[in-house]
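Dear colleague,

Please find below the structure that I am handing over to you. My notes on it follow directly after.

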Amino acid sequence: METLGFLIDGFGVALAPHNLMFSLLGAFLGTLIGALPGLGPANGVAILIPLAFTLGLAPETAMIMLTAVYAGAMYGGRISSILLNIPGDEPAMMTCLDGYPMAQQGKAAEALAISAVASFMGSLIATIGLILLAPILADFALTFGPAEYFALFMLAFATLGGITGKNPVKTIVAAAIGLMIATVGIDNTGVQRYTFGVLELFEGVDFIIAIVGLFAISELLFFIEEKAGGGKEKMSVNKLKLTWADIRGILPSSMRGGILGFIAGVLPGAGASLGSFIGYTLEKKVVGSKGYFGKGDPRGVAGPEAGNNGASSGALVPMLTLGVPGSGTTAVLLALLISLNITPGPLMFTQNADLVWGVIAALLIGNFLLLVLNIPLVGIFVKLLSVPPMYLLPIVTMVAFVGIYSISNSTFDLYFMVVFGIAGYLFRKLEIPLVPVILGLLLGPEMEKNLRHAMDISDGDWTVLWDSGLAIGLWVFAGLGLILPYIVGPLLLRRMNSAVANQTD
Amino acid sequence: MILNDRISGILMLVLAVAYGWGATQFPEPFGGSEAVGPETFPLLLAVVLGLSSLYLIVRPDPDNAWPWSRTGLELIIALVVLVLYAMLLQPLGFIISTLLAVGTLCWRMGARPVKAYVTGGVAGGVVFLLFNFALDLSLPLGLLSFLEVS
């Protein structure tokens, strides 16, 4: 019942007029970001962080706006899956299977509306799950000592590649590089590390600059390389004819997808791709031969779409309670928290209760806003989708420049961002994932601090790191997280791909 | 050809060694050394990166092709534009440098030159007005500073 009281306070925060306004703005921008080609959710949220700072927003307002952007991006991603058969990101892959056939049959508007309703259901279920689970997990996390935290960070890195990750060694390389960048600057014993006497490096590398460079600038370079500036053909959407019966028809699918997605989102390493995949396969199993999956069955749109959105809300659970994000976008949200001087982790639920519960309430409200925005305004989003990337990406680059410049008015930061952009391009070429780099940058200081505390307590005895049952458990899971992709990953990817291949033939 | 991972592995091995060596050179912190000094964590990282780069050298993944020739040139042009944009943002002012940078990028990505530079100019102007008047943040005017209203 305590939770309910907090939640009501949270609604008080989220419903304050200016918070509501920024929530609406965030939801709109988020859908746009999700829909536009070449702007993934992590990328979009990253570009908007400096702007949230320059606007001088209060912590809870900034966080509410960017959570709305996050939720909106998940809604937006489905638009190009359905209309163009081009998934915006991996989780959206399964939405293409039945969404695109529906669009081809002239039922694009229905597919979009159904997916909006399913997304809403998925997020709603997962947000309720978040409300129930997060306080319990936060309480549990309070029992963690420094050694357990150190092991937990290892677990986060190990599972970040995800079950479908390619080469775990490259995840380790990426994490090590991120952590190395985090050691630059004056450490807490007052020693300068790797600053080479450059004044700008004394305070360390600002991770916002790194994130914007790694994502936004490298994206520009990729588009140039692929000569993908031309954009796609224009699309039109028919007039919406949706009855209550249609919506009732997809409700069970959405519920199942949402619950599964939430579980996949909370578990480390599973993530939204798995959420939408399981959502789709389960729908096929449950509906059985009565369905016409792959030929435009609305339930085939609803299941994975609910799963996808459920997973993205579920992914907020480890981020908020443990301070350990499970995906790229939640890592970027964590970056925002850290730069707002809020220490993420279980203590946040007691020390910054109004912020946490404000964000959770905002997530609920944001979902209603998104549903309301998405059904009537879908035409606008579709129009914007046909803006060719050759105009879009240079403008996005400019927004990134403005954002970074406005943090400190320094040209040095801009050069730094370009350098990170080049590094991001090279890493992506070498198939070294970028998210562990960012996570390393974010978690580096905390990780070192916990290592120090653990060692100070044990007087320099390294075995303290795996001394408790909990710590051993975390280490074992971390080990599994690295090994499992070798065994299960190829199998799962093959099944996802063959599912896609079967349907498109 | 499986050179990419080998070469990057070697480069990262060099980085790991240099980084680890750097860690041994830190001065002892004020107040004597502790179990975990400033060098402990970096040394751990150097070992981790060193071992994984050795793995990449021994068992490299297949390569992605690098864009040589024309596309490579376009990439270099884009990078030069970005660096110049950063360099000229203050001296030329936001509007003019954005006109040039965004315009050139749009043009090189395939837009017609006139349209490209119009896009750049409009985008620069709109963002400048938005920041300076609606958001009360000053972006540099540079060459156009004679337009400044006091």
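The domain assignment divides chain B into domain 1, residues 3-58, and domain 2, residues 69-147. The C-alpha centres of domain 1 and domain 2 of chain B are 40 Å apart. Please bear in mind that this is a predicted model.

Overall build of chain B

Chain B contains five helices and zero strands, and along the sequence its pattern reads α-α-α-α-α. Of its 150 residues, 31% count as buried. Among the contacts in chain B with a separation of 6 or more, 59% are between residues 24 or more positions apart.

Annotated transmembrane regions

The unreviewed UniProt entry carries the annotation "transmembrane region" for residues 41-58 and 117-135 of chain B. In the model, residues 41-58 of chain B are 100% helix and 0% strand, and the end C-alpha atoms of this span lie 26 Å apart. For residues 117-135 of chain B the figures are 95% helix and 0% strand, with 25 Å between the end C-alpha atoms.

Contact between the two chains

Chain B contributes 51 residues to its contact with chain A, and chain A contributes 49 residues. On the chain B side, at least two residues come from each of α1 (3-24), α2 (40-58), α3 (69-92), α4 (94-108) and α5 (113-134). The helix that gives the most to this side is α3(B), with twelve residues. By residue type, the side of chain B that touches chain A consists of 36 nonpolar, eleven polar and four charged residues.

One helix pair across the contact

Two packed helices are described by the angle between their axes and the distance between the axes. How do α17(A) and α5(B) cross, and within what distance do their axes come? Helix α17 of chain A covers residues 389-408. The axes of α17(A) and α5(B) come within 11 Å and cross at roughly 30°, and the crossing is right-handed. From α17(A), the contact is made by A:Tyr391, A:Ile395, A:Met398 and A:Val402. From α5(B), the residues are B:Thr119, B:Ala123, B:Val127 and B:Phe131. Seven of the residues in this contact of α17(A) with α5(B) are nonpolar, one is polar and none is charged.

With kind regards

Methods:
Residues are numbered from 1 along each chain as its sequence is written. Chains are lettered from A and ligands numbered from 1 in the order in which they are written. This is a predicted model: local features need pLDDT of at least 70, side-chain atom pairs count only at pLDDT 80 or more; totals for chains, interfaces and linings use all residues. UniProt positions are given in the numbering used here, feature names are shortened, and annotations may be inferred rather than shown by experiment. Helices (H or I, at least four residues) and strands (E, at least two) are DSSP runs, numbered from the N terminus. Two residues are in contact if their C-beta atoms, placed from the backbone, lie within 7 Å. Ala, Val, Leu, Ile, Met, Phe, Trp, Tyr, Cys and Pro count as nonpolar, Asp, Glu, Lys and Arg as charged, and the others, Gly among them, as polar. Axes are lines fitted to C-alpha atoms, for helices over the stretch in contact, and angles run from 0 to 180 degrees between N-to-C directions. A crossing is left-handed if the near helix is turned anticlockwise from the far one by less than a right angle, and right-handed if clockwise. Domain bounds come from an automatic or database domain assignment. A residue is buried if 20 or more other C-beta atoms lie within 10 Å of its own, exposed if 12 or fewer, and partly exposed in between; C-beta atoms are placed from the backbone.
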